[in-house]
Every structure is written in structure tokens, then in C-alpha cells.
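Hi everyone, thanks for coming along. I'd like to walk you through one structure today, taking it one place at a time.

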Amino acid sequence: MSILEVTNITKKFGGLTANQDVTMNIEKGSITAVIGPNGAGKTTFFNMITGVYQPTSGDIRLEGKSLLGLKPDEVAKRGISRTFQNIRLFGEMSVIENVLVGMHTGLKTNLLGIFLNLPTTKKEELLAEKEAYRLLEHFDLAPFLNEKACNLSYGAQRKLEIARALATKPKLILLDEPAAGMNPAETRELTAIIKNMGQEFNVSVLLIEHDMKLVMEISEHIVVLDHGEKIAEGNPEEIRTNPKVIEAYLGSGAVQTV
Amino acid sequence: MKETLAKFLQYKWSQVILFTVFVAVSSAALFFSQKSVTAFLLLLSSLLILHYIKLKNVTKWIIALGLLFILIPFASSGGPAFQSYMDVATMVGIYVSMALGLNIVVGMAGLLDLGFVAFFAVGAYSYSIFATPQAANFMPFGTYPLGGESFWIFLIIGGVVAAIAGVLIGIPVLRVKGDYLAIVTLGFGEIIRILFNNADKPVNITGGAMGIASVTPPEIFGIPLIFPNQFYFVTLVILLFTIFTVLRLERSKLGRSWKAVRENEIAAQAMGIPLVKTKLLAFALGASFSGMMGVVFAAKQAFIDPTSFTLLESFTILVMVVLGGMGSVPGVILGAAVITILNLQVLTELATWVNQLSFGGVISIPEALSPAKMQKFIFGALLVAFALYRPKGLIPAKNKIFDEKKLKESSTHKDFKTTDQKKIQS
Ligand SMILES: Nc1ncnc2c1ncn2[C@@H]1O[C@H](COP(=O)(O)OP(=O)(O)OP(=O)(O)O)[C@@H](O)[C@H]1O
Ligand SMILES: [Mg+2]
């Protein structure tokens with residue numbers, strides 16, 4: 001069963017076509033990767049799914065319901081969460097507060113509850129705080145709970161972004177180059193985290209990544225974009241040997257040499 | 001010697017003793033000297049010292065309440081300057097409350113608003129119009145002026161009307177960001193003032209440039225409130241309500257949403273925070289505190305006109321927030337107090353002193369250089385100095401510290417957790 005169906009989406013920025021007729025299905029509970037050279041349109045693809053951009057044409061459906069016309073916050077409430085290629089944490093807020101913001105869609109309190117500090121509001125907060133703490137523990141970030149997010153190391157910031165995204169309890173999580181800037185040890189740790197994410201958080205994963213070792217190791221399905229178009233898709237083995245992919249990455253003529 | 005002193009000051013009890021002595025001396029000085037601005041300021045500054053003492057928050061609040069409700073009014077009542085002290089203290093309260101409102105918008109939500117005084121004006125006019133015969137000019141029913149008891153209802157009405165104004169201004173204004181937002185809010189602030197300035201024709205609603213005079217004084221249990229020492233208590237109660245609410249908001253889901261929007265709009269939105277709604281709430285709630293105090297201001301002055309609500313006022317409130325520490329509640333309280341006292345006491349005192357000197361022929365300073373007219377210069381200098389040396393303000397904003405131990409203890413009582421969840425869902 002597929003959780004997300006993208007049909008023929010196209011995105012044009014003036015004369016530039018960033019995505020052209022891209023179609024893909026994401027199986028529920030799977031890990032899917034989107035790869036492609038720089039400027040291929042991967043981030044644009046993510047931005048369309050999350051409502052940052054509206055596609056010029058085409059349709060995006062989450063569990064059968066179209067996401068077209070929704071704002072990013074509405075898409076988030078439908079159950080899609082994401083991280084960003086250039087980290088976007090709430091820098092001046094503490095680590096745990098970052099995760100707590102991720103939990104907001106799940107908090108039901110209103111202005112009255114806040115003013116009167118009603119027992120339900122208090123309990124809800126406490127539960128959220130405990131859950132946020134458990135998420136931090138899962139990502140080995142618990143010792144830094146009261147640190148400002150901007151003071152974390154680069155790798156830790158990437159992990160915090162994932163923790164924050166998971167805090168929204170998404171059905172589908174989009175990770176935009178989660179391993180970028182990480183050292184090999186951190187990348188190994190991250191690989192394990194993403195691999196287990198499906199079971200532990202009951203979430204389907206769609207990720208963009210340039211680290212081919214990571215991609216090949218964890219993805220069940222890979223989609224390759226080049227110049228905004230889908231040039232190939234399949235399992236890691238199929239992608240590794242696909243001549244079109246090799247050409248896109250290494251330039252024309254490379255197929256013969258390899 | 002220095003070390004022993006430093007060590008001595010570490011202890012809670014030595015701090016408490018010194019604090020008591022300080023309070024006792026300054027209040028006695030204030031009470032017995034006929035008129036001593038220094039003693040008055042020292043007594044007020046004891047509240048700041050209290051902020052830093054190592055005591056439990058509850059204890060600090062109780063002491064602060066005692067100082068504010070009993071000691072300060074009592075100690076100032078010794079001399080002929082009683083009412084003028086109380087007047088200054090009332091103005092401090094009014095400005096602190098407004099600055100706390102602006103702090104929600106600028107400090108927490110990160111929306112630079114240069115027209116904030118508009119909401120103060122909306123509150124002030126809403127009471128003034130109905131507490132004078134002015135309302136009879138356009139209201140088809142009812143008899144005006146309304147009685148002084150209506151003041152208490154107008155506190156709420158003023159807040160609500162200001163909040164509505166906040167939303168109405170916010171809807172068009174929040175389409176733009178950053179510098180543009182600052183300029184557009186500045187424009188709207190001026191528009192509202194000019195509106196009040198011109199709404200005397202064809203129907204005389206606001207009294208135009210003449211303003212509205214003889215605003216009915218508030219009444220409680222049949223006693224009209226006219227004197228500054230009476231308004232002091234009214235302001236104090238509203239101020240405490242404001243502080244209480246602002247602290248609640250800051251630590252709530254909403255406060256976190258505001259900060260998230262300030263830190264990174266795109267990420268906040270991706271976490272499911274609706275941008276427009278969150279920003280409008282900041283505008284509305286911030287404005288409501290300002291509107292409430294507008295009502296108090298109108299009643300206290302018994303006269304208002306558009307000149308009380310100029311751009312300089314908006315800047316003044318902004319300076320309070322920036323100087324105190326954007327996003328920091330104690331900082332903003334301090335900033336507002338410092339600026340108000342500087343404006344109303346220090347500069348005016350200096351001006352009279354300089355005047356006396358020039359009358360005596362000791363020095364001659366041209367009228368244009370009188371300290372009372374240096375306000376803008378001083379604000380400018382302060383802003384530059386703070387931007388350079390203390391960009392986070394007098395008391396920088398702090399994040400809430402979460403207690404790791406409390407979060408660690410996983411819910412051992414299973415039933416506790418399940419009942420919780422049930423309750424929240426219902
Ligand atoms: N908002 C925008 N306005 C105009 N052009 C844009 C916009 N966003 C992206 N583009 C263009 O669309 C193309 C695809 O960009 P995109 O960021 O999606 O690539 P990418 O595959 O994520 O690349 P990278 O691997 O470098 O992150 C690029 O040519 C980019 O310049
Ligand atoms: Mg990209």
C-alpha cells in the first residue's frame with residue numbers, strides 16, 4: 001500500500017523547470033531515497049510535497065487525499081514532517097524546547113487553559129516534556145536538553161532536527177541530506193537511526209542524500225532525478241547498474257568505461 | 001577583605017540582612033526627608049536587588065508585593081512630594097505594562113512594530129469618549145457621560161477594542177516582513193493618531209486636535225478616584241495581572257510558538273505552526289495590555305489629545321524593550337522603569353536644577369539645551385551604546401530550565417498515565 005502518491009508534478013520558476021512530470025509512489029513503512037546531481041530538483045520536490053511551493057501542475061496525495069493548496073503547517077498536521085538541507089533549528093531556544101515545538105500539533109490546550117493554567121494543560125505539558133525528553137534520549141541528546149540549539153555541534157544539530165521532526169508524530173518524514181557535514185562515525189550512527197526509524201516511530205521515510213554508501217545500505221527504493229526529470233527508479237542494485245544513472249553522475253561516455 | 005566580603009554575600013541570610021537594611025534605610029530616608037528623589041529611587045531599586053537575591057520565587061513575590069502595596073506608598077507619604085512620587089510610580093506601572101505588551105510582539109514573536117502606541121490611544125479614547133458628553137454626539141441611545149463605575153468595565157472593553165484593532169491592523173501589515181513590517185506599522189500608528197486628530201468632523205467623535213477634557217474619574221464603592229495615590233493601586237493591580245499573564249504566556253505552548261516563528265518562520269511552519277494566526281495572536285494580546293493601560297491613562301489624566309500618542313511614544317516603548325532585553329520579562333520591566341523615571345524624574349529634576357543655576361547667574365545654558373529636551377538625544381545614545389556593548393539588554397532573556405530528574409522518572413504509575421491521556425483527549 002502506498003502512503004504518498006505523486007503524479008506528474010511539474011514546477012517552473014519562470015523559465016526554469018525545476019521538476020518535470022515527476023511521478024512516484026512511496027510504500028507505507030518503506031525507506032525511499034531521492035538522489036541526483038546538484039541542482040537536479042530534489043529539494044524543490046520536497047518543498048512541493050510539504051506545501052512550501054505549489055506545483056505548477058500534477059497532484060500529490062497522502063493516503064489518497066490531495067495535498068494541493070495546503071499551507072506547510074496544514075501539510076504538517078496531515079502527517080508529513082521534514083528536516084532541511086541547510087539546518088533550520090530554533091537557535092536561541094533550548095534543545096528540549098525545539099522538540100516541544102515539534103509536539104505542538106499534538107497539544108490541545110487553548111488560551112483559556114494557558115491563562116488559568118488548568119490541570120489538563122499542566123498535565124499535557126508535563127507529558128509532552130517527558131516525551132520530548134525520551135526523544136532526546138533516543139538521539140543521545142538528553143545531556144544537552146537545556147543548551148541553546150545553536151550551541152550544539154553540527155552533527156548534533158542534524159540529529160536534533162530529526163528528533164524535532166519526529167516529535168510531530170508524522171506518517172511520513174522527509175530528510176533533506178541528513179548526513180551532510182557529518183563525520184564517518186556520526187554518519188554510521190545516523191544510518192542505524194534511520195534504518196530503525198520505520199519500526200520505532202511507525203513512520204515512512206523519504207530522504208535525499210549524496211552519501212551513496214548510506215543510500216545503498218538503507219533504501220528499499222531509489223528514485224533518480226536529473227535536470228528535474230525522473231531518469232530511473234528501482235532497488236539499490238538496479239540503480240547501481242543503470243547506465244542512465246551512471247551517465248548522469250559521471251557524464252556521458254562514462255558508461256562504456258565502467 | 002574583598003574575598004570575605006564576596007563570600008559573605010554568597011550566603012542567603014547575609015543577602016537578606018543587607019537587603020532589609022537597605023530597604024529600611026532608604027524608606028526611612030524617604031519618609032523623613034521632606035523631598036528626596038534619591039531616596040525614592042533607592043527604594044524602588046530595592047525591587048531590582050530583590051530580583052537577584054537567592055530566595056525562592058514565592059518568597060520574593062511576597063516581599064515584592066509588600067514593598068509595592070505597603071512600604072513604597074507609606075514611605076513616600078512623609079513629605080509634600082507624596083502625590084508626585086505616586087504619579088511617577090503610576091506612570092512607571094503604565095509604561096511597564098505597555099512595554100510588556102510590546103515585548104510579546106517584538107521580543108517574543110520578533111515582529112518589529114513601530115506603531116505600538118496606537119493601541120494605547122485606542123484604549124484611552126474608548127474610555128474618554130464614553131466617560132464624557134462626547135459620546136452623545138453620535139450615539140443614538142444612552143445618556144453620556146457614563147458614570148465612574150463604568151471605568152472597570154472599560155478596562156476590559158479597552159483591552160478588547162485594542163486587541164481587535166491589533167488584529168485589524170495585523171491582517172494587512174503581517175503580509176510583509178522585517179524592515180518593511182517596521183515601516184508599515186509606523187505608518188499605521190500615524191494613521192490612527194491622525195484619525196483621532198480629525199474625527200471631529202462631520203460628527204465630533206474624538207474632539208479632534210482639542211482633545212477630550214474632563215473625563216469622568218473612576219469610582220469604586222461611591223468614592224471617586226482622583227489622586228495619583230489612588231491610581232497607583234489601580235495601576236499596580238493591572239500591572240500585576242499583566243506580569244502574571246505574560247509569564248504564563250511565555251512558558252506556554254503559545255510562547256514557544258512565538259519564539260519559534262521569531263527564530264525561523266519556515267521551520268516553525270513545517271512543525272505545524274500557522275504563521276498568520278500565531279502572529280495575529282501576538283499583535284492582539286500585546287495590544288490588549290496597551291489598551292487597558294490606555295483606559296487608566298485617560299482616567300488619570302482626565303484629559304487626552306492626539307499629542308500623547310505620537311511616534312516618539314512608540315519609540316520610547318521600543319527603547320524600553322530593547323534596553324531591558326528583548327524577550328526578557330524582568331529585563332523589560334527594568335527597562336521600562338528606568339526609561340520612565342529618566343523621563344519623568346531625572347531629566348525634569350535636572351532641568352529645574354539647571355534652571356535654578358541659570359537664574360542665580362551661576363551658569364547660562366540656552367533653553368534649547370535644557371535636559372528636559374534631551375530625551376531623543378539620550379534615547380539615541382542609549383540605543384547605540386546598548387547595541388554595541390550589551391545587545392541583549394540589561395537582563396538578557398533566559399530559556400526556561402527543565403529539570404532533568406523530573407523528566408527522567410518514567411511514569412511508574414501506569415494508571416496515572418492512562419487517566420491523563422483520557423482526560424486530555426476528552
Ligand atoms: N525559489 C526558487 N526560485 C528560482 N529557482 C529556484 C528556486 N528554488 C530552486 N530553484 C532552482 O531549481 C533548481 C533545482 O534546485 P534544488 O534546490 O531543488 O536542487 P537540489 O537537487 O536540491 O540540489 P542540491 O543537491 O544542490 O541540494 C536549481 O536550478 C535552483 O536554482
Ligand atoms: Mg537540495
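Which residues come nearest to ligand 1? Before I answer, please keep in mind that this is a predicted model. Now, of the 14 residues around ligand 1, the ones that come nearest are A:Lys42, A:Thr43, A:Thr44, A:Tyr53 and A:Gln85.

Let's look at some of the polar atoms there. The side chain of A:Gln85 has an N or O atom 2.7 Å from an oxygen atom of ligand 1. The backbone takes part as well: a backbone N or O atom of A:Gly41 is 2.9 Å from an oxygen atom of the ligand, and for A:Ala40 a polar backbone atom is 3.2 Å from a ligand oxygen. How much of ligand 1 does the protein bury? Taken alone, the ligand exposes 640 Å², and the protein buries 64% of that.

Where does the shell around the ligand come from? Two elements of chain A each give two or more residues to it, namely strand 2 (16–27) and helix 1 (42–49). Helix 1 of chain A supplies the largest share, 3 residues. By class, the shell has 7 polar, 5 nonpolar and 2 charged residues.

Now over to chain B, and to helix packing. When two helices pack, we describe them by the angle between their axes and the distance between those axes. Take helix 5 (residues 82–108) and helix 13 (residues 311–324) of chain B: their axes are 9 Å apart, at an angle of about 75 degrees. Angles from 65 to 115 degrees count as roughly perpendicular, so that is how helix 5 and helix 13 of chain B lie to each other. On the helix 5 side, the contact includes B:Tyr95, B:Met98 and B:Leu102, and on the helix 13 side it includes B:Glu313, B:Ile317 and B:Val321. This contact has 9 nonpolar residues, 1 polar and 1 charged.

Here is a second pair. Helix 6 (residues 117–130) and helix 8 (residues 178–198) of chain B also have axes 9 Å apart, with an angle of about 25 degrees. An angle under 35 degrees counts as roughly parallel, so helix 6 and helix 8 of chain B are roughly parallel to each other. B:Ala118, B:Ala121, B:Val122 and B:Tyr125 of helix 6 meet B:Gly189, B:Ile192 and B:Phe196 of helix 8. That contact divides into 6 nonpolar residues, 1 polar and no charged.

Leaving aside residues up to four places away in sequence, B:Asn229 touches B:Phe82, B:Gln83 and B:Met86.

To finish, some backbone details. Most peptide bonds are trans, and most residues other than glycine have a negative phi. Where is the cis peptide bond? Look at the bond from B:Lys201 to B:Pro202, where omega is near -5 degrees. B:Pro202 lies in the loop between helix 8 and strand 1 (219–220) of chain B. B:Ser214 is also found in the loop between helix 8 and strand 1 of chain B, and B:Ser214 has a positive phi of about 50 degrees, although it is not a glycine.

Note on methods:
Residues numbered from 1 in each chain as written. Chains lettered and ligands numbered in written order. Predicted model: local features only at pLDDT ≥ 70, side-chain atom pairs only at ≥ 80, totals over all residues. Heavy atoms only, no water. Axes fitted to C-alpha atoms, helices over the stretch in contact; angles between N-to-C directions. Helix = DSSP H or I, 4+ residues; strand = E, 2+ residues; numbered from the N terminus. Parallel < 35°, antiparallel > 145°, perpendicular 65-115°, else oblique. Contact = heavy atoms within 4.5 Å. Nonpolar A, V, L, I, M, F, W, Y, C, P; charged D, E, K, R; others polar. Near = heavy atom within 4 Å. Polar contact = N/O pair within 3.5 Å; in protein donor to acceptor, adjacent residues only side chain to side chain. Areas by Shrake-Rupley, 256 points an atom, 1.4 Å probe, with all protein chains shown as cover.
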